[in-house]
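Please read it alongside the structure.

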Amino acid sequence: MLKVEDLYKSYGNVNALNGVTFSLGKGETKVIVGPSGAGKSTLLKCINLLIKPDRGRIFLEGEEITNPSTNENKVRQKIGFVFQEFNLFNHLTVLGNVMIGLTKVKRIPKEEALEKAREVLNMVHIREDLWNRYPSQISGGEKQRVAIARALAMEPVLMLYDEPTSALDPQLADEVLQVIKELSSMGMTSLIVTHEMNFALEVADEILFMSDGRIVHTGSPTELLSSPKHDLAVRFLRLGGINGFLD
Amino acid sequence: MTSYSFFFSYIPFIVEGALWTICLVGGGLGLGFLIGVPAALSQVYGGRKLKCMVEFYLRFFREVPLLVQLFLFYWGLFPSIGLKLDPLRTSILVLGLRSGAYQSQIFRSAIESIEKGQLLAAMSIGMSRSQALLYVILPQAFRISIPGWANEYAVILKDSAICFSLGVMEILTRTRYVTIATGMALLPYLFAGILFILLTNFGTGILNMIYKKFRIPGLIGV
Amino acid sequence: MDFWTEFLGSLLSGLLTTLQMILIAAPAGILMGLLLGTMRVYGGRVLSSLALSITAVFRGFPLLVTLFILFFGLSEIKIYLPPFWAAVIGFVLCSGAYISEYVRGSILSIEEGQSLAARSIGMTKLQEILYIILPQAIRRALPSISNEIAYMIQYSSLAFAVGVQEIFSISKTFNSIYFKSIEIFSVLAVIYIILGEISTYIFRFVEKRIRIPS
């Protein structure tokens with residue numbers, strides 16, 4: 001489904017990505033962890049072409065999307081992106097936020113769009129009495145779930161989550177993580193950047209450790225918990241200051 | 001080509017008008033300052049009656065067109081109280097009154113943007129209210145106001161052209177004479193426009209220099 | 001009393017002209033400001049420099065100079081604009097230039113996240129500007145725009161200089177005949193104050209209607 005080959009990206013003197021290579025199969029869920037500044041967010045934004053990598057290639061469903069001739073906007077319709085700061089459209093209601101991609105980008109007629117919006121909002125468990133509220137009138141957890149719904153409405157083949165709960169209180173974070181878990185178990189190909197180690201161990205098919213712009217270690221949850229490499233993983237996580245690792 | 005040289009011979013005449021323009025602008029700004037500061041203080045610290053009067057003054061001078069104010073004062077109000085002022089002085093007075101209204105708003109928001117803590121701190125070291133005003137509040141307020149003041153300069157400069165309607169010999173009046181004398185219109189007016197732009201940039205340039213010199217480092221909004 | 005009926009009667013027709021000028025120039029000026037402001041932020045080097053030049057010129061020239069250039073200057077090169085239209089175009093250019101600055105400022109004040117989110121659901125740049133950025137920018141710029149239109153109403157009096165028979169021009173004529181200056185210009189002042197209040201009221205109403213609840 002997704003193949004990332006040898007990705008490099010630097011900003012001035014800072015090397016954000018130093019040769020990242022990995023792949024994601026259809027229906028798989030992988031989680032990326034690592035210390036701040038490791039390049040995780042940059043990596044995600046390269047995949048949906050919000051950032052242009054300096055070197056390297058990315059393939060989505062077999063096609064190279066880093067090819068200059070690709071239509072970026074079309075690609076982004078196929079990839080769902082959830083931001084740490086939600087970035088809901090302030091001037092639109094919950095319903096409006098979810099529908100605008102459908103009516104203005106995909107140009108679906110309003111009734112169909114409404115149907116689809118209903119469907120995805122129910123999927124993320126947003127109650128109907130919130131549908132006409134504005135982003136500033138709902139809680140952080142609700143905002144993020146609406147953001148997920150907005151991305152889902154476009155019927156993406158891949159979902160990218162950039163630290164989806166870092167800006168949320170712990171109580172509100174749970175409801176969001178729950179939704180991500182459900183989507184993943186329904187077969188949505190997902191790539192998640194997070195600090196929530198418990199969650200990562202529960203949901204991931206594989207965990208990728210990033211540091212200094214490179215993937216330094218990978219492993220499935222069971223491997224990490226049982227194999228000798230367990231120590232290495234723990235050391236990485238402790239070094240990166242990620243708490244909450246089961247010990 | 002002779003009409004061009006004809007025009008060029010009039011350029012000194014037009015540029016001389018800049019002296020009158022600067023008179024209008026300087027006088028207007030200065031008078032506006034003298035009126036604006038007390039007016040701002042009245043709005044922030046004054047009693048109800050004072051505030052009411054100031055609001056009335058502000059209302060009139062900000063909501064009525066300059067043109068109407070010029071004519072009202074020149075043809076109406078000043079003669080009625082026996083004042084026989086020439087166009088230049090009337091213009092400066094009206095511009096000053098008008099600018100005072102706008103400047104009072106600039107100072108007022110500057111004063112209000114200074115946190116309460118400043119006043120409290122000043123009083124806590126024993127300053128009276130007026131001392132606190134003089135030594136702590138106003139110095140900061142003035143520095144904060146400089147950008148707004150630069151804007152006011154640009155506005156008055158353009159408004160000064162409206163004084164042509166009273167016959168003041170500033171840039172625009174002279175340009176009009178030149179268009180009648182030479183029969184040309186496009187070139188003279190373009191020249192006048194560019195002259196105004198130059199004066200604007202020159203003035204705001206100087207004000208920017210002053211601003212940089214007197215900046216309070218680290219203060220947000222300055 | 002003969003003076004009053006004559007004066008007020010003529011004022012009424014002048015008022016019609018003033019209103020016509022403003023009702024055409026205000027929306028046009030706002031549109032122009034939106035266009036120029038957007039061009040300055042999103043245009044490539046060519047478009048944004050063009051917008052910058054236009055803005056600089058019409059903010060730098062006094063409105064009177066712009067009016068004279070449009071009416072007297074253009075007729076020199078065989079473009080004959082009727083007084084009414086010279087005035088309206090002048091107002092549009094002048095206000096549009098100022099409004100473009102406010103629009104530009106409010107566009108720049110919108111957080112990058114909004115743009116990122118728009119692109120992340122596949123919107124093109126144009127869609128992002130039209131559906132996400134501008135709706136929010138206009139709301140933020142509305143108070144400044146309202147202020148600018150209030151100025152336009154005041155400066156509409158300058159149209160007399162190119163021969164438009166609006167309320168100031170008529171008052172000036174009556175003044176030169178009857179010399180009842182205080183009465184004449186006081187009435188005029190009140191009219192302008194009322195016009196300004198109405199405009200402010202309208203904008204405040206619009207502001208309330210399109211406000212984003214928080």
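Chain A and chain B do not touch, where contact means heavy atoms within 4.5 Å; their nearest C-alpha atoms are 26 Å apart. Of the two pairs of chains that touch, chains B and C have the most contacts. This is a predicted model, in which local features need pLDDT of at least 70, side-chain atom pairs count only at pLDDT 80 or more, and totals for chains, interfaces and linings use all residues. Residues are numbered from 1 along each chain as its sequence is written, chains are lettered from A and ligands numbered from 1 in the order in which they are written, and side-chain values use heavy atoms, with hydrogens and water left out.

**Nonpolar cores**

- A nonpolar core is a set of buried Ala, Val, Leu, Ile, Met, Phe, Trp, Tyr and Cys residues joined through side-chain atoms within 4.5 Å, and buried means under 20% relative accessible area with a 1.4 Å probe, protein chains only.
- The largest core has 117 residues, of which L64(C), F91(C) and F168(C) touch the most other members.
- Helix α4 (residues 83-108) of chain C supplies the largest share of this core, 13 residues; helices (H or I, at least four residues) and strands (E, at least two) are DSSP runs, numbered from the N terminus.
- Leaving out residues up to four places away in sequence, F91(C) touches residues including M21(C), A25(C), L63(C), M152(C) and Y155(C).
- A second, separate core of 46 residues includes F86(A), V124(A), L130(A) and L201(A).

**Second largest pocket**

- The volume of this pocket is about 430 Å³, taken as the space filled by probe spheres set on the grid points.
- A pocket is an open set of points on a 1 Å grid where a 1.4 Å probe fits, with protein on both sides within 12 Å along at least five of seven lines; lining residues have an atom within 4 Å of a point.
- There are 19 lining residues, and L23(C), I149(C), S199(C), I202(C) and F203(C) are the closest to the centre.
- α1(C) gives the most to the lining, with seven residues.

**Strand β7 of chain A**

- Five of the five residues of β7(A) (residues 158-162) are buried.
- L158(A), L160(A) and D162(A) point one way from β7(A), and M159(A) and Y161(A) the other way.
- β7(A) pairs with β6(A) (residues 79-82) in the parallel sense over four bridges; pairing requires at least two DSSP bridges.
- β8(A) (residues 190-193) also runs parallel to β7(A), joined by four bridges.
- Y161(A) stands opposite V82(A) and has I192(A) as its bridge partner in β8(A).

Terms used:
Buried means under 20% relative accessible area, exposed over 50%, partly exposed in between (1.4 Å probe, protein chains only).
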